[in-house]
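Have the structure open while you read.

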Amino acid sequence: GQGYQWKRFLELMGGGQVPPWYANDPRFRDRLEISRKYADEMDQRQAPFLMQHAKEELFQMCRERRIPFAPVHTMEEVVRHPHLRARGYFVDVAREDTGPLTYPGAPYKLSETPCAYTRPAPRLGEHNLEVFGELGLSPADLVDLRRAGII
């Protein structure tokens, strides 16, 4: 981030002030040098502060201070995320072989041209004949590739 954003984060960690361990250490004058030479130490210095807070709490604290910071979510957290649920982001698509499955929806919503999912994602290898056929392979070639464990 920009220098002022980094300073805001340091002040957040230091309860309103840049922590003395940072402010009083000449090695930390140049942020580029920090990332080149002292990244592991910086991670260790930040870890206690970060571990004291849940990731959503950290996100909110940084957001209030206009510090670019975002949590990394697990797939389970993404699927259950209130914002994505409120937007109706995930859609259920029927499949003959499994029944309905939940898929990610469109990353945007357009009022005049809404997105509609009319078929499920292809099964592994479902379109091999079409794809490899366009490359000039015959159905017999595909059998050979399958037997060899290539596809």
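Keep in mind that the model is predicted.

Q: Why is Gln60 called partly exposed?
A: Gln60 has a relative accessible area of 35%. Buried needs under 20% and exposed needs over 50%, so Gln60 ends up as partly exposed. Gln60 sits in helix α5, and its C-alpha atom is 24 Å from that of Tyr22, 38 residues apart along the chain.

Q: What makes Phe59 count as partly exposed?
A: Its relative accessibility is 25%, and buried would take a value under 20%. Phe59 therefore counts as partly exposed. This residue also belongs to helix α5. Leaving out residues up to four places away in sequence, Phe59 touches Phe69, Ala70 and Pro71. With Pro71, twelve residues apart along the chain, the C-alpha separation is 6.4 Å.

Q: How do you know that the buried residues of α5 line one face of the helix?
A: The buried residues in α5 (residues 55–64) are Leu58, Met61 and Cys62. Looking down the axis of α5, they fall within an arc of 95°, so they line one face. In general, an α-helix has 3.6 residues a turn, so residues three or four places apart point the same way. On the other side of α5, Arg63 and Glu64 are exposed.

Q: What covers the buried residues of α5?
A: The cover includes α1 (3–13) and α4 (39–51).

Q: Which residues meet where α1 and α4 are in contact, and how many are nonpolar, polar or charged?
A: From α1 come Trp6, Phe9, Leu12 and Met13, and from α4 come Met42, Gln46, Phe49 and Leu50. By class, the contact has seven nonpolar residues, one polar and no charged ones.

Q: Why is Gln46 called buried?
A: The cut-off for buried is under 20%, and Gln46 has 13% relative accessibility, so it counts as buried. Gln46 lies in α4. Setting aside neighbours within four places in sequence, Gln46 is in contact with Trp6, Phe9 and Met13.

Q: Does Gln5 count as buried or exposed, and what does it touch?
A: Its relative accessible area is 15%, and the buried label takes anything under 20%. Gln5 is therefore buried. It lies in α1 and touches Arg66, Ile67 and Pro68, not counting residues up to four places away in sequence.

Q: What about the phi of Arg66?
A: Phi is near 60°, a positive value in a residue other than glycine. As a general rule, most residues other than glycine have a negative phi.

Q: How does the radius of gyration of the protein stand against that of a compact globule?
A: For 151 residues, a compact globule would have a value near 15 Å, but the protein has 25 Å. The C-alpha trace spans about 70 × 40 × 30 Å along its principal axes. Of the 151 residues, 23% count as buried. Among contacts with a separation of 6 or more, 28% are between residues 24 or more positions apart.

Q: How many helices and strands are there, and what pattern do they follow?
A: The protein has nine helices and two strands. Along the sequence the pattern reads α-α-α-α-α-α-α-β-β-α-α.

Terms used:
Residues numbered from 1 in each chain as written. Predicted model: local features only at pLDDT ≥ 70, side-chain atom pairs only at ≥ 80, totals over all residues. Heavy atoms only, no water. Buried < 20%, exposed > 50% of the residue type's maximum accessible area, 1.4 Å probe, protein only. Helix = DSSP H or I, 4+ residues; strand = E, 2+ residues; numbered from the N terminus. Arc of directions from axis to C-beta. Contact = heavy atoms within 4.5 Å. Nonpolar A, V, L, I, M, F, W, Y, C, P; charged D, E, K, R; others polar. Rg over C-alpha atoms; globule rule 2.2 N^0.38 Å.
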